[in-house]
Amino acid sequence: MLSNAFLIAIKEIKRNLLRSFLTILGIVIGVASVIAMVMIGDGTTANVKDSISKLGTNMLILRVGQEKKGPPKEDNSSKPFEEADMVAIKNEVQNVKAVSAENSSSMNVVYGNRSNNGTAVVGTNNDYFIIKDWDVSEGRIFDESELTSGKSSCLIGTTIVKQLFGEENPIGTSIRLKNITCNVIGILKSKGASAFGRDQDEIVIVPLKMYQQKIKGNKDIATILISITESKFIDNAKIELTSLMQERRRLKVGEVDNFNIRDMQDILSTMTSTTKMLTYLLGSIAGISLLVGGIGIMNIMLVSVTERTREIGTRLAIGAMENEVLLQFLVEAIVLSTLGGIIGIVLGLIIGYVTVNVMELPFILNNQIILISFAFSTFIGVFFGYFPARKAAKLNPIDALRYE
């Protein structure tokens, strides 16, 4: 009985191909939109995770001042850190892998007749490259004499290389940071854009001593980066670090901390939860078209029942049972919605694949959302097809045969 109903449904769909296509168009658009939106959202989430991981592994960020929302800003209202604080952290906090300062300014970098305005110039030590997991593609990092003497040496990012040097090898040349001449000793491997949209390769890294003496003119440290050996030790390290800083900064019991500690895992969790929420929101909005498609199926099936009233009356008159008529129209609605779901899945995968490639996002195939979309499209057929099918099954055979 079921196979026969399926064959009749296929025959009816073929007989009115254009109408059948227009009927399932809402389902196709709905399923395709949901899958494409989720693929883009998943790709964005993966991209955010990758970008944040490039900022550093198992990293704690210790800043001056109370914690503030939004992008990091230098806080001059509280006492800055000192190099002695870095030494204390390395010696007294357990499971510390590396500790570095991160003093940063935006400056104009000049080479010959070329310049780059707004370059991030960072004063730090060699632990910075460990914490940031940043390798050198050419040249070397700072030697001990450069770190202790404040000698004007620097490593530059690939964006600076392209903009100032073109095809020329910058190793051994000198660039100017305002009125300071700096010898280029190394080129950093490219990291691309960060999760916040900043080009990480538009950077010049100099020794901390040089930055303090020749750029800022003081010994202040605004930010300290700490790398923990394993992620499982991060929570304990934060507790120890908080206690150590309260002691070193002579804070009284109950006094508000004039420093803040950020965990990269917290930042990652916040950003990924935001992107996932947006993904679900967009997917839900796209899913509304599935309901519209279901209403379209119900509408066309009601029209079909009206058009085939005499056929239904004939079947009932020669002995067809009500449940057989109901099954026939219900199967037809399910076939239409399922067909729409399959086409929508294929279209959604194509649109999603093309879009993530254009946006340079990772391609992530979410099998769960594909199965959910297909199941939901089938459910739409059952739900919205039942009322027209029931109406057909309840027709009076005599009235149906008299229908013109």
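Buried means under 20% relative accessible area, exposed over 50%, and partly exposed in between (1.4 Å probe, protein chains only). The model is predicted, so local features need pLDDT of at least 70 and side-chain atom pairs pLDDT 80 or more, while totals for chains, interfaces and linings use all residues. Residues are numbered from 1 along each chain as its sequence is written, and side-chain values use heavy atoms, without hydrogens or water.

View 1. Val354 belongs to a nonpolar surface patch of about 930 Å², whose members include Ile350, Tyr353 and Val358. Helix H11 (residues 322–358) gives the most to the patch, with 6 residues.

**View 2. Strand S11, residues 259–263.** 5 of the 5 residues are buried, so S11 is largely enclosed by the rest of the structure. In a regular strand, side chains alternate between the two faces of the sheet. Phe259, Ile261 and Asp263 point one way from S11; Asn260 and Arg262 point the other way. S11 pairs with strand S1 (residues 59–64) in the antiparallel sense, over 5 bridges (pairing takes at least two DSSP bridges). Arg262 is the bridge partner of Ile61.

**View 3. Ser153 in strand S6, residues 153–156.** Ser153 is at 0% relative accessibility, so this residue counts as buried. Beyond neighbours within four places in sequence, Ser153 is in contact (heavy atoms within 4.5 Å) with residues including Phe142, Cys182 and Met210.

Methods. Patch = residues over 30% accessible without salt bridge, like charges linked within 9 Å, V, L, I, M, F, W, Y side chains within 5 Å. Areas by Shrake-Rupley, 256 points an atom, 1.4 Å probe, with all protein chains shown as cover. Salt bridge = Lys/Arg side-chain N within 4 Å of Asp/Glu carboxyl O. Helix = DSSP H or I, 4+ residues; strand = E, 2+ residues; numbered from the N terminus.
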